[in-house]
Number of protein chains: 2
Amino acid sequence: MLKISRLTDYGLLAAVYLARHAGQVTAAREIAEFYHLPVPAVTKVLKALHHGGLVHSHRGVGGGYTFDGDPDGITLGHLIEMLEGPWDLVECETFDDDGHATCAIRVACPSRRFMFGINRAIKGAFEQVTLGDLVRGGMPQPVIDKTQLASSGEAAQ
Amino acid sequence: MLKISRLTDYGLLAAVYLARHAGQVTAAREIAEFYHLPVPAVTKVLKALHHGGLVHSHRGVGGGYTFDGDPDGITLGHLIEMLEGPWDLVECETFDDDGHATCAIRVACPSRRFMFGINRAIKGAFEQVTLGDLVRGGMPQPVIDKTQLASSGEAAQ
DNA sequence: TCGATACAGTACTAAGATGGTACTGTTTCG
DNA sequence: CGAAACAGTACCATCTTAGTACTGTATCGA
């Protein structure tokens with residue numbers, strides 16, 4: 001199914017919470033209790049946000065996480081990348097750990113350009129929503145730029 | 001991971017193939033061979049497209065599927081709905097077979113409106129791409145309408 | 001009439017992803 | 001020095017996915 005995983009949900013909520021309390025040191029427990037989420041799950045996603053460079057961490061008693069950047073400089077695409085790692089809606093361009101393409105017929109595939117065009121068009125939508133939009137609670141409706149697929153080369157079959 | 005499932009990929013390719021051969025009766029085998037895909041998998045998604053009303057089926061010798069509608073009247077959202085069933089990027093509003101909400105704290109959830117706003121904004125992007133766009137190989141870049149979340153009510157936490 | 005073709009519907013299984021948790025280690029405060 | 005809180009890793013039950021198999025039905029043509 002095409003859906004944002006539950007842990008990614010948690011991560012978006014945590015990011016918004018921290019952005020709304022910018023500059024304040026906030027413990028994972030506080031965020032988990034606010035949203036009625038399991039604490040271990042929230043700590044997991046906060047580690048990912050820290051690893052992605054979105055938030056700073058503070059250990060020890062009274063520690064927690066802080067966000068002090070520009071909410072409008074962070075896109076929904078960035079956030080999902082931090083939480084899920086590199087992602088594509090299609091796997092035409094995906095490679096496994098050995099560097100082999102997941103798609104065995106990749107080079108000869110008549111649909112590769114086509115699928116990659118969809119990928120870029122939809123991922124582009126995720127780049128138009130910023131953390132600031134989420135914090136403000138107003139979110140833009142993505143508009144598709146119909147030149148995206150064509151610019152990837154000739155049309156696919 | 002946030003990705004279109006492989007079978008849905010197959011379904012999109014099959015829909016494009018049929019739209020490019022509009023009015024012609026095309027067997028599942030022909031589509032599978034063109035894209036180098038397993039025949040049983042392609043027949044599976046074609047059944048879904050037929051069930052969704054996108055294509056007509058013709059049994060017997062020389063049978064197959066035909067598309068004879070308006071490619072620009074079918075959106076990417078419609079196609080995914082046919083192939084994956086009702087879908088949402090978040091599960092705030094999802095109910096199980098017994099009619100119970102998947103989210104146990106749904107009524108009191110401080111993030112429900114927020115997540116549903118994301119859901120509508122991104123799903124809106126899928127409504128801006130049509131089967132005609134896919135057939136022509138030019139695809140729009142979705143543009144987010146930032147009023148979508150706000151219009152769901154007050155801003156969520 | 002009969003056989004081959006092709007779709008209709010259902011069900012099964014192996015492989016992979018997901019969600020939640022547990023455990024150990026490290027840092028910081030008082 | 002003890003408690004609090006993050007860092008990193010690993011585990012496991014559950015769910016989803018992909019692919020296939022099997023039976024049934026409709027159609028064409030010899």
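Predicted model: local features only at pLDDT ≥ 70, side-chain atom pairs only at ≥ 80, totals over all residues.
Among contacts in chain A between residues at least 6 apart in sequence, what percentage join residues at least 24 apart? The figure is 67%, counted over contacts in chain A whose partners stand at least 6 apart in sequence.

Of the 157 residues in chain A, 41% are buried.

The element that gives the most to the surface near DNA strand C is α3(B), with four residues. Sorted by class, the residues of the surface near DNA strand C divide into 10 nonpolar, 10 polar and six charged.

Now for the other strand. DNA strand D has 27 residues around it, and the closest are S57(A) from chain A and S5(B), R6(B), P38(B) and G60(B) from chain B. The elements that each supply at least two residues of the surface near DNA strand D are α2 (28-35), α3 and β2 (64-66) of chain A, along with α1 (6-20) and α3 of chain B. Here α3(A) gives the most, with four residues, and the class count for the surface near DNA strand D is 10 nonpolar, 11 polar and six charged residues.

Which residues of α2(A) are buried? They are A28(A), I31(A) and A32(A), and, seen down the axis of α2(A), the buried residues fall within an arc of 100°, so they line one face of the helix. On the other side of α2(A) we find R29(A) and E33(A), which are exposed. As for what the buried residues of α2(A) pack against, the partners are α1, α3 and β2 of chain A.

Just after α2(A) comes a residue that deserves a remark of its own, namely H36(A), which takes a positive phi of about 60°. Most residues other than glycine have a negative phi. H36(A) is not a glycine, and yet its phi is positive. This residue is found in the loop between α2 and α3 of chain A, and H36(A) is partly exposed, with 13 other C-beta atoms within 10 Å. In chain B, H36(B) also has a positive phi of about 60° although it is not a glycine, and H36(B) is found in the loop between α2 and α3 of chain B. With 13 C-beta neighbours inside 10 Å, H36(B) counts as partly exposed.

Staying in chain B, how do α1(B) and α3(B) pack, and at what angle? The angle is about 70°, and the axes of the two helices are 9 Å apart, which makes α1(B) roughly perpendicular to α3(B). On the side of α1(B), the residues that take part are L7(B), Y10(B), G11(B), A14(B) and A15(B), and they meet A41(B), V42(B), K44(B), V45(B), L46(B), A48(B) and L49(B) in α3(B). By class, the contact of α1(B) with α3(B) has 10 nonpolar residues, one polar and one charged.

Let me close with two individual residues. The segment before α1 of chain B holds I4(B). Is I4(B) buried or exposed? I4(B) counts as buried, because it has 23 C-beta neighbours inside 10 Å. If we leave aside its neighbours within four places in sequence, I4(B) is in contact with L2(A), L89(A) and V90(A) of chain A and with D9(B) of chain B. By way of a distance within chain B, the C-alpha atoms of I4(B) and A32(B), which are 28 residues apart along the chain, are separated by 19 Å.

The second residue is R120(A), whose place is in helix α5 (residues 112-126) of chain A. R120(A) is partly exposed, with 18 other C-beta atoms within 10 Å.

Conventions. Residues numbered from 1 in each chain as written. Chains lettered and ligands numbered in written order. Nonpolar A, V, L, I, M, F, W, Y, C, P; charged D, E, K, R; others polar. Near = placed C-beta within 6 Å. Buried ≥ 20, exposed ≤ 12 C-beta atoms within 10 Å, placed from the backbone. Arc of directions from axis to C-beta. Contact = placed C-beta atoms within 7 Å. Axes fitted to C-alpha atoms, helices over the stretch in contact; angles between N-to-C directions. Parallel < 35°, antiparallel > 145°, perpendicular 65-115°, else oblique.
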